[in-house]
Amino acid sequence: MYQGPPQSNETLHEAQRLSSNTTADRPSDSHDVSVQRFVAPLSWKTVSDQRFLCPQRSKDEVMTRCGQREPISFEQALAKMEATVGRKIGEGVYGEVFLCAKPNDTQSVLKLIPIEGNLLINGEKQKTFEEILSEIIISSELSDLRQQNVQFSTDGFVELRSVSCVVGKYPQRLLELWKDYNDRQGSENDSPEDFPADQLYIAFETAFGGSDLDGYRFYNAQQAFATFTQIVLALAVAEKRYDFEHRDLHTGNILIETTKVPERTYCLLGEEIVIKTHGLKATIIDYTLSRIVYSGLCLFNDLSTDEELFTAEGDYQFEIYRNMKTVLQNRWDQHAPRTNVYWLHYLLDKLTSVRNFRDKTSKAHKAGMKAMKQLSDALLQFTSVHDIVRTFFASDVLEADKEN
Ligand SMILES: Nc1ncnc2c1ncn2[C@@H]1O[C@H](COP(=O)(O)OP(=O)(O)OP(=O)(O)O)[C@@H](O)[C@H]1O
Ligand SMILES: [Mg+2]
């Protein structure tokens, strides 16, 4: 898991500066709307000699997006979600993640991120309202791509159900669940018991997306390839719609669940692409490092002064951070969709690892494996996921494949 930067600086950035100097073939921007989509007034701010356009008070913007005037208690937040917390299911550097039961046998996931306080969490500074605002906007925009739209649509990004701003000590029930998880599988995080009564948190409520790809065992490589294809198409839609780069698509940030739905549909620049699920549904999560252009402003996480992230060794994942830094020339506002391609290459590396499969002898397995290896050999020639889709996954290519 990525150990976050000590002083990451997510910023709303002037769009004009971007459009003058990017590596993207830029879309027509017909989908761009105006900066009036921010509720708080915008003002200029200078960071590292660059001018940024930011909401004057990120707190106001966050509160509006939470539908609140002031932070609410844990009790009120859970009542608003109609949720009962069941167990802790995951953790990140910044967040603790719990599975919740809802009425009508549904489930939600609650990700709690402490903000604005002085207490270090897992050795890191807490995020500010300004930093968390980027994650709220990105999560909400990507989730909304599931709405029917003839130009761009995908349900490949986790569904965001609500966002709340909470204040208070960590509730006893959640501390118990935290301890259960620690006893069961061990936690890399500090216990949340020390948070004071005036501690603020952002609570993201999302749909449950299954288990993450870390250590996931597929039935065969056909299933792994189906998972990969779903990730490729979701990324391509967001890349074209928002100049999106995920920038941290390691196996902990991809969720898998079984599905009876046989097909998944994507709309990419008005073209409908339908693929087979082979019984699995993949979902992308975690936009801590992601970048989008939203309402003509760029939201990104400035990693230019981060030292730790680029020195780690021991897994291909850590090479990807260095590759991204090189292709972006350490300017994290820039758009280089090749960063998405690097993560896809990393994913193919993980997905083709033989220990993932229960059935390694069938024809379907061998065909899936061959397809992934061929793709892996070709992938790094491409500069964007959209190019990959045009070459390998566009509907006319898929149709031609079926005929052959
Ligand atoms: N919607 C969900 N459904 C199922 N599991 C989830 C969901 N959201 C998060 N998780 C689990 O919790 C873990 C941590 O969540 P997430 O990656 O969002 O946290 P993070 O703090 O942003 O992590 P990072 O340290 O990578 O920045 C995931 O790897 C996954 O196992
Ligand atoms: Mg994560």
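Strands here are DSSP runs of E with at least two residues, helices are runs of H or I with at least four, and both are numbered from the N terminus. A word on the source: this is a predicted model, where local features need pLDDT of at least 70, side-chain atom pairs count only at pLDDT 80 or more, and totals for chains, interfaces and linings use all residues. Residues are numbered from 1 along each chain as its sequence is written, while chains are lettered from A and ligands numbered from 1 in the order in which they are written.

Now follow E6. Is E6 mostly covered or mostly open? Mostly covered: eight of its ten residues are buried. Buried means 20 or more other C-beta atoms within 10 Å of the residue's own, exposed means 12 or fewer, and partly exposed is in between, with C-beta atoms placed from the backbone. E6 runs antiparallel to strand E5 (residues 96-102), with seven bridges joining them. Strands pair if DSSP finds at least two bridges between them. One bridge links Ala 101 to Gln 107 in E6. The hairpin of E5 and E6 has three residues between the strands, and Asn 104 there takes a positive phi near 60 degrees. E6 also pairs with strand E9 (residues 200-207), antiparallel, over eight bridges. There, Pro 114 has Tyr 201 in E9 as its bridge partner.

Next, another sheet. It is open, with three strands in the order E7-E12-E13 and antiparallel pairing. Strand E7 (152-153) and strand E13 (271-276) each have a single partner strand, so one side of each is left without a neighbour in the sheet. Strand E12 (residues 263-268) pairs with E13 over six bridges. Thr 265 has Val 274 in E13 as its bridge partner.

On to the core. In soluble globular proteins, nonpolar side chains tend to be buried together. The largest nonpolar core here has 94 residues, and Ile 202, Ile 231, Val 232, Val 237 and Ala 238 touch the most other members. Such a core is a set of buried Ala, Val, Leu, Ile, Met, Phe, Trp, Tyr and Cys residues joined through C-beta atoms within 7 Å. Helix H6 (residues 221-242) gives the most, 14 residues. Domain 1 and domain 2 each give at least three residues to this core. Take Ile 231: leaving aside neighbours within four places in sequence, Ile 231 is in contact with Ile 254, Ala 282, Ile 284 and Leu 347. Contact means C-beta atoms, placed from the backbone, within 7 Å.

Last, the whole chain. The protein chain has eleven helices and 16 strands. Of its 404 residues, 44% count as buried.

Note on methods
Domains from an automatic or database assignment. Contact = placed C-beta atoms within 7 Å.
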